[in-house]
Amino acid sequence: MMDKPWNNRAWLFVVPVLIIVLFSSLVPMMTVVNYSVQDTMGQNNFFWNGVAWFQGLLDPTTDIGGRFASALVRNLIFSIVILCLELPLGIAVALCIPKQGWKVGATLVLIALPLLIPWTVVGTIWQIFARQDIGLLGAALNAIGIHYNDTQDPTSAWATIVIMDVWHWTGMIALLSYAGLKAIPDAFYQAARIDGASRWSVFRNIELPKLQKVLVIAVLLRFMESFMIYTEPSVVTGGGPGEATSFLSLDLVKIALGQVDLGNAAAMSIVYYLITLTICYVFFTIMTQLDQRKGV
Amino acid sequence: MSLELRNVSLKQGQDSIIDDVSLLFERGTMNVLLGPTLAGKTTLMRLMAGLDKPTSGDVLVDGVSVLQVPVRRRSVAMVYQQFVNYPSLTVYENIASPLRVAGLPKAEIEKRVADASRVLRLDPFLKRLPAQLSGGQQQRTAIARALVKHAELVLLDEPLANLDYKLREELREELPKLFAATGTILVYATTEPTEALLLGGTTATLWQGRVTQVGPTPSVYRSPANIDAARVFSDPPLNEFTTTLSGPRATLPRGGDIDAQSLLPNLPDGIYRIGFRVEDAKLGTVSGAPLAFPGQVAVTEISGSESFVHLDIGSGTWVSLVLGVHDWKPGAPAEIRIDPARIFVFDEGGRLVRAPEARIARTSALV
């Protein structure tokens, strides 16, 4: 048996944290859980509704279930597309960052610039950028004969928010990769030169394996953020045209605040949260186990 | 093959990293580059390999300048202090990698990798990735990669510095034998004088980018050409003091003077720097003898069967090596006696004037 002195004062030190956690996560979360199992007609009258909201949500044949399923698919496609673009591009940018001199600092600041802009501002910049009448991008594309209209054409709308996200976030992957590349000792490059290894072989056999850990973190961060994307599409397309860019978070806000359908919105929040959590957990577990098997 | 560095210098901005180095390496020889950290050992190796170009001077192979030959077309292999292997390739593929790049036939690659992995005892690990190996096995893999290449120049840059003691002893003994069979020029950089002595061969001592002396390792140790070479080749550091010789008297660091003939017989007047190694500093209780330097014990380091006693003699700290375990308490009074037959005498410019055993080394680097 351990004979630890029992000191009640210890609890006192933990109390502030408990209070903050209580009001920042537990109470709001329980409120959501509360809404998700009840129905209300207003006037603070609540009726027990069991799991009916969840049943409807997870059944794609119902109206709400259909909306949820298609928004989920859009979200997944969006995350996969931006990851496929941002990862290779970010690594490529990191490889091109100058090695020394004043150019290093200048390049890093330029790359980090989009990351420092508030998200609503990013949305506004691109909303104006994409306009057909005055927007640089929209007007220029239409002027050279490419049909581009992000408020009416779903393809244009998708292209706009995908390119916007790539513009906004590739810098982060580039910075993370750059940090990873800097950590590779010069001796590895020397050894490769003495071996006569090609540039591709240096990338494939030295840089990429050494970047693996950093890239796992980058993918996790980018996946989570892109899966929860709200601000920028809400400003640029507002989820339109039609439902074309209506992602889970946008739909959730429409249901909760637009239709004040609190039961459905609460159930949706919980399922949305669990999906994000599960995907991240599975991804992280697989990547760390791969690591262990390889002993990297 | 022979490799020659002729008046090689490397400057970075105003700083001279390598300063007018001339060295000649012959086929099948063991060459040690001995110098402290930042003396330029690694830089010199990079110049030999062709990874860097000197700002002036020439690098010649068999008398022909190779400055314009890119590194991949030279016959060089290198092993580093860090364990450098391709992280995503198995041990087998790692060892085979230089041969694959060279485009050797499959059977030849298999044979060479099998030979190298046998001598380096890597057979059980061929299918593993480097990160699954111990440090010693990783470094043996790196050595195997250098070995299979059958390079004419093999550069070992402090290859054992990151290994534990036992492995270091083992590999230090094996390494020269492994490469001796291939008839290569072996260049071994180290910071440790003991390691240089154990490796034998020829030693070049480096100090701040300059080669201070070249010669057979034991003779460089016995008669360093100048004070820099002596400092590089002494571990623990050389005990030193300055004395001014005028007429029959020589000054002492603690003040006062003694009969010059007892310390520096038959030398002209002038300022001299005296150095002596720890094994020639005899420790004893205070006796007041003329060549005894009293002081207080600062620290005693006991390393197994020997003790290193640091004595504060007022003008600095000297170290004495005493056989056996002696527990000299800090603060205890003691003295270090020096034997005039066992001292190095350097003139004001740092050149050796007199070495123990009455031998005076021929000065400056011989090419």
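Residues are numbered from 1 along each chain as its sequence is written, and chains are lettered from A, with ligands numbered from 1, in the order in which they are written. Local features need a pLDDT of at least 70 in this predicted model and side-chain atom pairs count only at pLDDT 80 or more, whereas totals for chains, interfaces and linings use all residues.

The predictor gives the complex an ipTM of 0.72 and a pTM of 0.75. Its confidence in each residue is the pLDDT, which runs from 0 to 100. Chain B averages a pLDDT of 86, and 97% of its residues score at least 70. Two residues are in contact here if their C-beta atoms, placed from the backbone, lie within 7 Å.

Next comes the overall build of chain B. The chain has nine helices and 21 strands; these are DSSP runs numbered from the N terminus, with helices (H or I) of at least four residues and strands (E) of at least two. Its C-alpha atoms fill a box of roughly 75 × 45 × 35 Å, taken along the principal axes. Of the 367 residues of chain B, 41% count as buried. A residue is buried if 20 or more other C-beta atoms lie within 10 Å of its own, exposed if 12 or fewer, and partly exposed in between, with C-beta atoms placed from the backbone. Among the contacts in chain B with a separation of 6 or more, 64% come from residues 24 or more positions apart.

Chain B is divided into domain 1 (2-230) and domain 2 (231-358), with bounds that come from an automatic or database domain assignment. An unreviewed UniProt entry places the feature "domain: ABC transporter" at residues 3-233 of chain B; UniProt positions are given in the numbering used here, feature names are shortened, and annotations may be inferred rather than shown by experiment. Residues 3-233 of chain B are 36% helix and 27% strand, and the end C-alpha atoms of this stretch are 25 Å apart.

How do the two domains of chain B meet? Their centres, taken over C-alpha atoms, are separated by 37 Å, and 20 residues of domain 1 are in contact with 14 residues of domain 2. On the domain 1 side, α6 (193-199), β9 (202-207), α7 (217-222) and α8 (227-232) of chain B each supply at least two residues. The largest share of that side, four residues, comes from α8(B). By class, the domain 1 side has eleven nonpolar, six polar and three charged residues. Ala, Val, Leu, Ile, Met, Phe, Trp, Tyr, Cys and Pro count as nonpolar, Asp, Glu, Lys and Arg as charged, and the others, Gly among them, as polar.

Inside the structure, helix α1 (residues 41-49) of chain B is largely enclosed by the rest of the structure, because nine of its nine residues are buried. Among these buried residues are B:Lys41, B:Arg46 and B:Met48. Just after α1(B), B:Gly50 takes a positive phi of about 95 degrees.

B:Met48 also belongs to the largest nonpolar core, of 100 residues, where B:Met48, B:Met78, B:Ala146, B:Val154, B:Leu155 and B:Val187 touch the most other members. Such a core is a set of buried Ala, Val, Leu, Ile, Met, Phe, Trp, Tyr and Cys residues joined through C-beta atoms within 7 Å. Helix α4 (residues 135-148) of chain B gives the largest share of this core, six residues. Domain 1 (2-230) and domain 2 (231-358) of chain B both give residues to this core, so the core lies between them. Leaving aside neighbours within four places in sequence, B:Val187 is in contact with residues including B:Phe25, B:Met45, B:Met48 and B:Leu155.

Finally, the two chains meet through 17 residues from chain A and 20 residues from chain B. On the chain A side, α8 (186-195) and α9 (199-227) of chain A each supply at least two residues, and α8(A) gives the most, with seven. The residues of this side divide into nine nonpolar, four polar and four charged.

Notes. pLDDT is the predictor's confidence in each residue, from 0 to 100.
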